[in-house]
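Please look over the structure below before reading on.

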Amino acid sequence: MTKDDQIPFEAALVARTAPIEALLRQLLGDRPLSGEIARPQRLMEAMRHGVLNGGKRLRPFLVMESAALFSADGEAALRVAAALECVHCYSLIHDDLPAMDDDDLRRGQPTVHKAFDEATAILAGDALLALAFDIIADEATMLPAERRAALVLALARAAGAGGMVGGQMLDLEAERIRPDEAGIIRLQAMKTGALIRFACEAGAILAGAAAADRERLAEFGSAIGLAFQLADDLLDLTADAHQMGKATGKDAAAGKATLVALHGANWARDQLQGLVDQAHALLHPYGEDAVLLKQAAKFVAARNS
C-alpha cells in the first residue's frame with residue numbers, strides 16, 4: 001500500500017465512522033425503547049464499554065461503501081452498519097471470556113469481563129446480539145419489509161451456527177484436533193469471514209440490487225475476509241501487544257493451526273497480494289465507484305494493528 005493510497009482511504013474510514021459512532025451512542029442510551037420495561041444501568045455501561053471503545057469500524061464501513069455502489073448509503077444503511085457492529089462487538093466480548101480466548105485487553109483497554117465481571121460480560125454480549133436484530137427489524141430502518149427480512153436472515157446465517165459462532169467452535173476444537181488446510185480455511189471463513197462477507201453483501205440487499213450484484217459483493221467479502229484473517233495471523237506472530245492493543249503470540253503458544261503456521265510468513269504475504277488482486281477483479285464492473293472498496297482490500301491486507 002502506498003502512502004497516496006493510504007491517506008484518502010483512512011480519511012474516508014474516519015468520515016464513515018463518525019455518524020456510526022453517533023448512532024451507536026444513541027442506540028445504547030439508557031432510555032427504554034417502546035416495548036422495553038427498563039434498561040439496567042450496569043448492563044448498559046458494560047455494553048457501551050464493549051462497543052464505544054475505539055476500533056476501526058471496518059465492517060460498518062464496508063456496509064456503507066457497498067451500499068454506495070447503488071446510491072443507497074443513507075440512514076437505512078447506517079442503521080444496518082450499526083447493527084452489524086453490535087454483532088461484531090458482542091462476539092469480541094464473548095471471545096475475550098476466560099472460557100474462550102481468555103484475554104484481558106481489547107483495543108488497549110480492559111476487556112468487559114475485566115472491567116465488570118464475567119456474568120455481566122455474557123449478558124452484555126447477549127443484549128448486543130438481540131439489539132442488532134431489533135435495529136434492522138425496526139421500521140426506523142426505512143426499507144421495504146422484505147428487504148429488512150432478507151437482511152435479518154442473512155445476518156442470522158452469518159452470525160450463527162453455520163457462520164461466526166460455528167467458526168468459534170471449530171477454533172476451540174482446533175486446539176486439540178488439528179485441522180488440515182481445508183479445515184483451517186473453512187474455520188476462518190466462518191469465524192472471521194462470515195461477518196465481513198455479510199458486510200459487503202448487505203449493501204446490495206438493502207439497495208434491492210440484482211442477485212448477480214449481491215453474489216459478486218459476497219465473493220468480494222469472502223476474499224477480503226480471508227485476507228483479514230491471514231493478516232491477523234501474521235500480526236499475532238510479528239506484532240507486539242502495544243501495537244495490537246491486545247495480547248499477541250497466543251495462537252502459537254496454544255498450538256493453534258493457522259495458514260501462517262502451516263506455510264510460513266512469506267507464503268502468507270504472497271497469498272495476501274493474490275487475495276487483493278482477486279478482490280479488485282471482482283469490483284471491476286463498478287469502475288471508479290468502487291475505488292474505496294478497492295482501497296479497503298489493500299488496507300485489510302497491509303494493516304499493522
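This is a predicted model: local features need pLDDT of at least 70, side-chain atom pairs count only at pLDDT 80 or more; totals for chains, interfaces and linings use all residues.

Residues are numbered from 1 along each chain as its sequence is written, and side-chain values use heavy atoms, with hydrogens and water left out. Helices (DSSP runs of H or I, at least four residues) and strands (DSSP runs of E, at least two) are numbered from the N terminus.

**Helix pairs**

- Helix α2 spans residues 41-51 and helix α6 spans residues 118-137; their axes come within 9 Å and cross at roughly 75 degrees.
- Axes are lines fitted to C-alpha atoms, for helices over the stretch in contact, and angles run from 0 to 180 degrees between N-to-C directions.
- α2 is therefore roughly perpendicular to α6. The cut-offs are under 35 degrees for roughly parallel, over 145 for roughly antiparallel, 65 to 115 for roughly perpendicular, and oblique for the rest.
- On the α2 side, the contact uses R42, L43, A46, M47 and V51. On the α6 side, T120, L123, A124, A127, L128 and L131 take part. Contact means heavy atoms within 4.5 Å.
- Nine residues of this α2 and α6 contact are nonpolar, one is polar and one is charged. Here Ala, Val, Leu, Ile, Met, Phe, Trp, Tyr, Cys and Pro count as nonpolar, Asp, Glu, Lys and Arg as charged, and the others, Gly among them, as polar.
- The axes of helix α9 (residues 181-207) and helix α10 (residues 211-238) come within 7 Å and cross at roughly 145 degrees.
- The contact of α9 with α10 has ten nonpolar, seven polar and seven charged residues.

**Burial and contacts**

- Buried means under 20% relative accessible area, exposed means over 50%, and partly exposed lies in between (1.4 Å probe, protein chains only).
- α3 is mostly covered, with ten of its eleven residues buried. Among them are L58, P60, F61 and E65.
- Q168 sits in helix α8 (residues 164-173). Q168 counts as buried because its relative accessibility is 5%.
- Setting aside neighbours within four places in sequence, Q168 is in contact with D95, M100, D101 and K191.
- V152 belongs to helix α7 (residues 145-159). V152 has a relative accessible area of 24%, so V152 is partly exposed.
- V152 and F133 are 19 residues apart in sequence, yet 6.4 Å apart in space, C-alpha to C-alpha.
- V152 touches F133, I136 and A137, not counting residues up to four places away in sequence.

**Cysteines**

- How many disulfides does the structure hold? The structure holds zero. A disulfide is a pair of cysteine sulfur atoms within 2.5 Å.
- The closest cysteine sulfur to that of C86 is in C89, 7.0 Å away, which is too far for a bond.
- C86 is buried at 0% relative accessibility, and C89 is also buried, with a relative accessible area of 0%.

**Positive phi angles**

- R57 is not a glycine, but its phi is positive, near 60 degrees. R57 counts as buried, because its relative accessibility is 2%.
- D102 also has a positive phi, about 55 degrees, although it is not a glycine. D102 lies in the loop between α4 (75-95) and β1 (105-106).
- Is D102 buried or partly exposed? D102 counts as partly exposed, at 42% relative accessibility.
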